[in-house]
Amino acid sequence: MLCKESTMKTEEKSANIPRVRIAVLGNINVGKSALTVRYLTRRFIGEYRSNTDLLYRQTITVNNNPLEVEIIDVSGEGEDCFPVEQVQWADACLVVYAITDRKSFLHAAETLAALHKVRQGAGPLALLANKADLEHLREVEEIEGRTTAVQNGCPFYEVSVAENSSDLYQAFEFLVTECRALQSSTKTRKFSVSKMLGTLIGNNSAGRGGGGAGAAAHGGTVVACHKSDLHRSRVLKRRQNFTATASL
């Protein structure tokens with residue numbers, strides 16, 4: 001009984017913390033897992049191959065406020081099947097390729113084009129080229145990556161996860177900042193409508209919205225979860241959005 005109460009309190013506390021969900025997409029062997037773990041823990045794990053998606057959860061600090069970040073590392077296995085469920089779950093997407101693998105670059109370009117169709121242009125995107133430390137094996141020029149990013153209206157970062165490039169943190173922080181700005185904007189619009197209706201019916205109560213994002217401080221360990229959590233969290237998210245909309 002004590003265990004259940006503790007779990008309920010933890011879930012309640014987590015529900016009050018703002019959350020940003022990011023999907024990391026790309027072909028196999030481009031360093032998605034190493035990139036994700038490096039961002040969340042500042043540790044380099046080397047690259048390992050997984051045939052299943054992994055969901056990482058970590059609470060970071062943004063502008064002195066806690067922010068829960070969930071990052072799904074989408075497996076590159078079965079690349080012919082576009083990960084629609086994972087993309088729809090996410091608030092933002094980071095598309096990754098390796099400069100040493102032209103096939104992964106072409107796959108990334110196709111993924112960006114597909115994202116615009118699936119997400120209908122909504123949600124922040126970024127393109128990241130990994131393995132910049134392997135210049136002698138380069139198959140994709142930096143200008144090609146930048147051009148593709150410009151064509152898709154998103155920022156471009158060329159990094160080395162192995163060498164802990166600062167730009168890899170900037171890529172994630174760009175997505176977090178954009179997501180928090182969109183979330184704050186949505187809260188402001190909902191609050192404005194609620195306040196207007198409240199005034200009309202004589203209800204003068206008011207609330208407060210969330211803040212923006214900035215440089216993030218990272219630490220602690222990463223908890224990896226199976227992607228089976230995605231469906232449950234998507235349903236909960238839809239219910240929360242429906243409730244918030246209905247309350248207006």
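1. Thr-148 lies in helix α5, and the model discussed here is a predicted one. The relative accessible area of Thr-148 is 10%, and the residue therefore counts as buried, the cut-off being under 20%. Apart from neighbours within four places in sequence, the contacts of Thr-148 are Phe-105, Ala-109, Leu-112 and Leu-127. One of these, Leu-127, is a residue of strand β5, on the side that also holds Leu-125 and Ala-129.

2. Helix α5 spans residues 142-151 and, together with β5 and β6, forms a β-α-β unit. The handedness of this unit is right-handed.

3. Strand β5 is paired with β4, residues 92-98, through 6 bridges, and the two strands run parallel. Within this pairing, Cys-93 has Leu-125 of β5 as its bridge partner. Strand β5 is also joined to β6, residues 156-158, by 3 bridges, again in a parallel arrangement. Here the bridge partner of Ala-129 is Glu-158 in β6.

4. Glu-178 belongs to helix α6, which comprises residues 166-200. Is Glu-178 buried, partly exposed or exposed? Its relative accessibility is 33%, so Glu-178 counts as partly exposed, since that class lies between the 20% and 50% cut-offs. The C-alpha atom of Glu-178 is 9.4 Å from that of Leu-125, although 53 residues separate the two along the chain.

5. A separate point concerns helix α2, residues 32-41, of which 10 of 10 residues are buried. An α-helix has 3.6 residues a turn, so residues three or four places apart point the same way. The buried residues of α2 include Lys-32, Arg-38 and Tyr-39, as well as Ala-34, Leu-35, Val-37 and Leu-40. Ser-33, Thr-36 and Thr-41 of α2 are buried too. Just after the helix, Arg-42 adopts a positive phi of about 65°.

Definitions and conventions. Residues numbered from 1 in each chain as written. Predicted model: local features only at pLDDT ≥ 70, side-chain atom pairs only at ≥ 80, totals over all residues. Heavy atoms only, no water. Buried < 20%, exposed > 50% of the residue type's maximum accessible area, 1.4 Å probe, protein only. Helix = DSSP H or I, 4+ residues; strand = E, 2+ residues; numbered from the N terminus. Pairing = 2+ DSSP bridges. Right-handed = clockwise from strand over helix to strand, strands pointing away. Contact = heavy atoms within 4.5 Å.
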